[in-house]
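Here is a friendly tour of one protein. Take a look at the sequence and the 3D view, and keep them at hand while you read.

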Amino acid sequence: MRKIVEYIFCRDCKKVYFYLHGGPFFTLRNWQEDPFATMLYNEQRNFILVNYPIVYGNGGISDYRFLKEYFLEYKREHPNTEMILLGESYGGYLASLFAGEYIFRKIIAISAFTSIAYQELFLSERSWLKDYLSENALDFYTLCRDNKVNTRTIFINGSRDSRVPYQQFLALPFMKKFKVNILPGFTHRESGTRLEYVVSLIKQEL
């Protein structure tokens with residue numbers, strides 16, 4: 001299975017989007033398999049699907065290290081390209097970790113958790129999270145606490161998301177580098193007109 005799937009529509013354009021899918025127990029083979037990848041494809045934006053490794057017990061660290069190495073190499077090879085990162089659910093969690101770096105101009109995290117401790121207490125699927133993540137994995141809350149949020153980060157989450165309860169966002173200290181958009185009544189992965197609305201919000205940030 002390919003870890004990297006590229007869709008480059010304009011070779012002269014100096015903006016590329018990177019997308020991290022949810023999961024973490026699968027990979028994306030093409031844009032048709034994910035609604036947000038489909039959005040980028042339909043918009044004819046240059047984008048790259050990045051499939052992170054699946055390593056039980058070392059999640060959050062092995063994934064982050066793999067992604068960071070890839071992103072830094074891409075930045076070295078394309079120094080004049082504006083890089084924007086999107087991620088959903090677990091992929092959104094991973095995306096938010098890069099707020100502590102100086103790689104991307106902007107990060108968009110959809111249905112992403114910001115606190116591992118909160119997730120392990122209240123998440124309905126907390127058993128796999130504890131098995132998958134490393135005990136040393138960081139989260140966005142840690143970055144905020146240590147004043148290490150360096151990249152503009154936008155969170156889009158639903159108020160009725162049982163997988164990522166919105167209350168964890170209330171614990172984040174105020175910082176100008178990020179904003180949280182809580183959608184009333186929305187759940188973790190919507191469909192139909194509600195999904196279209198989420199997509200429209202993301203387009204506004206692209």
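A contact means that heavy atoms lie within 4.5 Å. With that in mind, serine 115 touches Asp139, Tyr141 and Gln168, leaving out residues up to four places away in sequence. This is a predicted model, in which local features need pLDDT of at least 70 and side-chain atom pairs count only at pLDDT 80 or more, while totals for chains, interfaces and linings use all residues. Residues are numbered from 1 along each chain as its sequence is written, and side-chain values use heavy atoms, with hydrogens and water left out.

**Overall fold**

- The protein has seven helices and seven strands; these are DSSP runs numbered from the N terminus, with helices being H or I of at least four residues and strands being E of at least two.
- How does the radius of gyration of the protein agree with that of a compact globule? A compact globule of 206 residues would have a radius near 17 Å, and the protein has 16 Å, which agrees. The radius is taken over C-alpha atoms, and the globule rule is 2.2 Å times the number of residues to the power 0.38.
- The C-alpha trace spans about 45 × 35 × 35 Å along its principal axes.
- Of the contacts with a separation of 6 or more, 73% are between residues 24 or more positions apart.

**Surface and burial**

- Buried residues make up 52% of the 206 residues. Buried means under 20% relative accessible area, exposed means over 50%, and partly exposed is in between (1.4 Å probe, protein chains only).
- The accessible surface comes to about 10,000 Å², and 48% of that belongs to carbon and sulfur atoms. Such areas come from the Shrake-Rupley method with a 1.4 Å probe, and for residues only the protein chains shown count as cover.

**Charges and salt bridges**

- There are 26 positive and 22 negative side chains, and the centres of the two sets lie 5 Å apart. Lys and Arg count as positive and Asp and Glu as negative, while His and the chain ends are not counted. Each charge is placed at NZ of Lys, CZ of Arg, CG of Asp or CD of Glu.
- Side chains of opposite charge can pair when their charged atoms come close.
- How many salt bridges does the structure hold? The structure holds 14, where a salt bridge is a side-chain nitrogen of Lys or Arg within 4 Å of a carboxyl oxygen of Asp or Glu.
- One of them joins aspartate 34 and arginine 189, with the closest N and O atoms 3.5 Å apart. This pair links distant parts of the chain, 155 residues apart: aspartate 34 is in the loop between β2 (15-20) and α1 (35-42), and arginine 189 is in the loop between β7 (178-183) and α7 (192-205).
- Aspartate 34 is buried at 3% relative accessible area, whereas arginine 189 is partly exposed at 41%.
- Arginine 189 also forms a salt bridge with glutamate 88, where the closest N and O atoms are 2.7 Å apart. Here the partners are 101 residues apart, with glutamate 88 in strand β4 (residues 82-88). Glutamate 88 is buried, at 3% relative accessibility.
- Lysine 68 sits in helix α2 (residues 62-77), and glutamate 101 is in the loop between α3 (90-97) and β5 (106-110), 33 residues apart.
- Is lysine 68 buried or partly exposed? Lysine 68 is partly exposed, with a relative accessible area of 26%, while glutamate 101 is buried at 17%.

- Phenylalanine 36 lies in helix α1 and is buried, at 2% relative accessibility. Its contacts beyond four places in sequence include Tyr19, Glu88, Ile110 and Arg189.
- Threonine 114 is in the loop between β5 and α4, and its relative accessible area of 0% makes it buried. Among the residues that threonine 114 touches are Asp139, Phe140, Tyr141 and Gln168.
- Serine 115 is in the loop between β5 and α4 (116-122) and is buried at 11%. From C-alpha to C-alpha, serine 115 and tyrosine 141 are 5.6 Å apart in space, although 26 residues separate them in sequence.
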